[in-house]
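The sequence and structure are shown first.

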Amino acid sequence: MNWISNYVRPTIDSLFSRREVPENLWTKCDSCGTMLFHRELAGSLNVCMSCGHHMNISPRDRFDQLFDNGIYREVKVPTPLADPLQFRDQKRYPDRMRAAQKKTGEAEAMLVAEGEIGRSPIVSACQDFSFMGGSMGMHVGNALVAGAERALERHTPFIVFAAAGGARMQEGILSLMQMPRSTVAVQMLREAGLPYIVVLTHPTTGGVTASYAMLGDIQIAEPGALICFAGPRVIEQTIREKLPEGFQSAEYLLEHGMLDRVTERKNMRDELIMIVRMLMRQPPAIKGELPPPGPAERQKAPEKPTQTDAGTQ
Ligand SMILES: [Zn+2]
């Protein structure tokens, strides 16, 4: 115990922690720069209240909004080898992983879950852009295979929410091998006649766009999402030409026949329910029967269907 540990360090720590508080309460919109209060932003599902920009949303927040009453069960994803290439750039790969795990509270860049939407059972996988840019490494490949296998086992549709900067360079060829691997997983669903639906969110790029993210039976995107293989800056530098306005945006791709739908986040759940029930030849969902997910209801919600469910079927 000395002067440094008793006085200097606590003072420095308090200076830093004091600065962190306002940053956590307010988020700046990447598109229009408006400062948004975190509670209101969460209420609008991370969509800017001022300009409608669809910001990243964590897989857990996405699933809370997607599944009936926010109830879902995680599907176990086999853990891949850690750092097989002993990769190091400015930082060691395991150090980067630890930093991303601490930042997001998740083990990896994709979460797989099963549950019901509008009473239809589904399996869903959601990519986490805040975890190393949602990069596709061995884990993401494992997650897609695990999700597809679970959907086959339970005979349900598989819905993937894509968001990625591309393949995970730290895993070299092993990350690129996830492109054919995930394509095979999609093919298994196709052979079983099960719907595979992709929701492209901002941004979906690189090897992810070049594999599972563009293979959906139905391709939906969120408004304004950048969807491309190589980014606009790289293309401009290569061809030395100015690209058209809105090039590679969700709306541009819809106009050019690459997408089926561009859907706002607030309407996404209802649309997915409608599509799933149509493709699975189920009658339309009963509206007004399902209360919106809220923290209190989530705690009260029963695990098994109650008697009233059986009565309405
Ligand atoms: Zn905005």
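The model is predicted. Its largest nonpolar core contains 57 residues, and those with the most contacts inside it are Phe158, Ala162 and Leu200. Strand β6 (residues 158-164) supplies the largest share of this core, namely 7 residues.

Beyond its neighbours up to four places away in sequence, Leu200 touches Ala162, Ala213, Gln219, Ala221, Ala225, Ile227 and Ala250. Ala162, one of these partners, is itself among the residues with the most contacts inside the core.

## The open sheet

Seven strands form an open sheet; in this sheet of 7 strands the order is β3-β4-β5-β6-β7-β8-β9, and the pairing is mixed. Strands β3 (72-74) and β9 (261-262) lie at the edges, each pairing on one side only. Helix α3 (residues 59-66) packs on the sheet, where it touches β3, β4, β5 and β6. The direction of α3 makes about 160° with that of β5.

Strands β4 (residues 110-117) and β5 (residues 120-127) run antiparallel and are joined by 8 bridges. Within this pair, Gly115 has Ile122 of β5 as its bridge partner.

## Strand β8 and its neighbours

Strand β7 (residues 196-204) pairs with β8 in the parallel sense over 4 bridges. In this pairing, Ile218 of β8 is the bridge partner of Ile197. Strand β8 also pairs with β9 in the parallel sense, over 2 bridges, and here Ile220 stands opposite Arg261 of β9.

In a regular strand, side chains alternate between the two faces of the sheet. Strand β8 (residues 218-221) is covered on both faces: Ile218 and Ile220 are buried on one side, and Gln219 and Ala221 are buried on the other. Both Gln219 and Ala221 are among the residues touched by Leu200.

## Packing of helices α5 and α7

The axes of helix α5 (residues 138-154) and helix α7 (residues 178-191) come within 9 Å and cross at roughly 10°. Because angles under 35 degrees count as roughly parallel, α5 is roughly parallel to α7.

On the α5 side, the contact is made by Met138, Val140, Gly141, Leu144, Val145, Ala148, Ala151 and Leu152. The residues contributed by α7 are Gln178, Arg181, Ser182, Ala185, Val186, Met188 and Leu189.

## The annotated zinc finger region

An unreviewed UniProt entry places the feature "zinc finger region: C4-type" at residues 29-51. Over this stretch the chain is 26% helix and 13% strand, and the C-alpha atoms at its ends are 9 Å apart. Under "binding site", UniProt (unreviewed entry) lists Cys29, Cys32, Cys48 and Cys51. These residues span 23 residues in sequence, yet no two of their C-alpha atoms are more than 8.7 Å apart, so they gather at one spot.

Cys29 is placed in the loop between β1 (26-28) and β2 (35-37), whereas Cys48 is placed in the loop between α2 (38-43) and α3. Cys29 is partly exposed, with 18 other C-beta atoms within 10 Å; Cys48 has 20 such atoms within 10 Å and is buried. Leaving aside neighbours within four places in sequence, Cys29 is in contact with Thr34, Leu36, Cys48, Ser50, Cys51 and His53.

How values were computed: Residues numbered from 1 in each chain as written. Predicted model: local features only at pLDDT ≥ 70, side-chain atom pairs only at ≥ 80, totals over all residues. Core = buried A, V, L, I, M, F, W, Y, C linked by C-beta atoms within 7 Å. Buried ≥ 20, exposed ≤ 12 C-beta atoms within 10 Å, placed from the backbone. Contact = placed C-beta atoms within 7 Å. Pairing = 2+ DSSP bridges. Axes fitted to C-alpha atoms, helices over the stretch in contact; angles between N-to-C directions. UniProt positions renumbered as here; feature names shortened; annotations may be inferred. Parallel < 35°, antiparallel > 145°, perpendicular 65-115°, else oblique.
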